[in-house]
Amino acid sequence: MRTFAILLIVVGSVLPVALSGHAAAVTRPVTIRVYNNFGLSTRVLEQAQHTASALLRQAGIAPVWRHCRARRGPAAKSSDACADHVGTAELLLRVVRAPHDDERVPSFGYSHVDTAARMGTLSTVFADRVTAAGRRLGLDQATLLGRVVAHEVGHLLLGSTDHSDAGLMRAQWPDHVLQHSGPEVWFFSERDADVMRHSLLARIDGVSGPP
């Protein structure tokens with residue numbers, strides 16, 4: 001049976017942060033500009049953002065979503081042209097269709113990360129692959145999409161392409177994990193949550209991410 005992976009590298013092991021008071025004690029805001037070039041319905045996109053927001057808030061990150069105007073689809077009606085300068089504490093999220101000539105192992109998305117500066121700004125999510133996997137496995141499309149979005153935002157804030165072997169930042173997302181794991185396993189580790197919050201502070205201060 002075909003499986004999907006977000007990226008390929010698996011390192012270390014982590015414990016889920018769950019409802020850790022440590023993570024909830026400090027909340028850092030981050031603005032995420034969403035470019036819905038795939039044409040997801042407003043309902044699905046908002047539900048996915050709700051899922052992603054809940055996961056990020058468990059890590060002490062408070063996302064503020066901006067729906068940027070697109071040429072076609074539901075986003076064409078957005079009043080936000082997103083024509084202003086991208087701030088240091090802003091991230092960009094593209095929701096697109098996967099290219100047919102993509103030679104990588106089929107993934108739900110990827111993120112551009114400057115590993116030297118330990119910072120990233122742009123993530124891409126392949127909505128067609130998420131939709132196909134949801135239908136094939138009988139999963140809620142918006143929930144799966146929200147987890148993918150949170151994972152990719154995690155890469156940008158961690159400033160790393162590394163993965164764990166458990167939790168939300170796992171590298172491999174095989175069918176049996178997607179189908180049979182409960183929401184309690186889809187969390188950032190406490191270490192990742194701490195790094196993400198410090199990274200966000202570094203962005204606001206205009207310096208590179210944490211070592």
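Visitor: Which residues of H4 do Val-130, Thr-131, Ala-133 and Gly-134 in H3 meet?
Guide: The model is predicted: local features need pLDDT of at least 70, side-chain atom pairs count only at pLDDT 80 or more, and totals for chains, interfaces and linings use all residues. Residues are numbered from 1 along each chain as its sequence is written, and side-chain values use heavy atoms, without hydrogens and water. Helices (H or I, at least four residues) and strands (E, at least two) are DSSP runs numbered from the N terminus. With contact meaning heavy atoms within 4.5 Å, the H4 partners of these H3 residues are Gln-141, Leu-144, Leu-145 and Val-148.

Visitor: How do the residues of the contact of H3 with H4 divide?
Guide: Ala, Val, Leu, Ile, Met, Phe, Trp, Tyr, Cys and Pro count as nonpolar, Asp, Glu, Lys and Arg as charged, and the others, Gly among them, as polar. On this scheme, the contact of H3 with H4 has five nonpolar, three polar and no charged residues.

Visitor: Is H3 parallel, perpendicular or oblique to H4?
Guide: The axes, lines fitted to C-alpha atoms over the stretch in contact, have angles from 0 to 180 degrees between N-to-C directions. For H3 (residues 127-137) and H4 (residues 141-158), they come within 9 Å and cross at roughly 135 degrees. Angles under 35 degrees count as roughly parallel, over 145 as roughly antiparallel, 65 to 115 as roughly perpendicular and the rest as oblique. The relation of H3 to H4 is therefore oblique.

Visitor: Which residues of H3 are buried?
Guide: A residue counts as buried under 20% relative accessible area, exposed over 50% and partly exposed in between (1.4 Å probe, protein chains only). H3 is mostly covered, with eight of its 11 residues buried. These are Ala-127, Asp-128, Arg-129, Val-130, Thr-131, Ala-133, Gly-134 and Leu-137.

Visitor: Which residue just after H3 takes a positive phi?
Guide: H3 covers residues 127-137. Just after H3, a phi of about 70 degrees is found at Gly-138.

Visitor: How do the residues of the contact of H2 with H4 divide?
Guide: The axes of H2 (residues 42-58) and H4 come within 7 Å and cross at roughly 50 degrees, which makes H2 oblique to H4. H2 contributes Val-44, Gln-47, Ala-48, Thr-51, Ala-52, Leu-55 and Leu-56, while H4 contributes Gln-141, Ala-142, Thr-143, Leu-145, Gly-146, Arg-147, Val-149, Ala-150 and Val-153. The division for H2 with H4 is 10 nonpolar, five polar and one charged.

Visitor: How do the residues of the contact of H4 with H6 divide?
Guide: H4 and H6 (residues 190-205) have axes that come within 8 Å and cross at roughly 60 degrees, and the two helices are therefore oblique to each other. Gly-154, Leu-156, Leu-157 and Leu-158 of H4 make the contact with Asp-192, Val-195, Met-196, Ser-199, Leu-200 and Arg-203 of H6. The residues divide into six nonpolar, two polar and two charged.

Visitor: Is Cys-82 buried or exposed?
Guide: Most residues other than glycine have a negative phi. Cys-82, however, has a positive phi near 50 degrees and lies in the loop between strand S3 (61-67) and strand S4 (90-96). Its relative accessibility is 10%, so Cys-82 counts as buried.

Visitor: What is the relative accessible area of Arg-118?
Guide: Arg-118 is not a glycine, yet its phi is positive at about 55 degrees. The residue belongs to the loop between strand S5 (109-114) and strand S6 (119-126). Arg-118 is partly exposed because its relative accessible area is 26%.

Visitor: Along the sequence, what pattern does the protein follow?
Guide: The protein has six helices and seven strands. Read in sequence order, they give the pattern β-α-β-α-β-β-β-β-α-α-β-α-α.

Visitor: Among contacts between residues at least 6 apart in sequence, what percentage join residues at least 24 apart?
Guide: The protein has 211 residues, of which 52% count as buried. For contacts between residues at least 6 apart, the share joining residues at least 24 apart is 74%.
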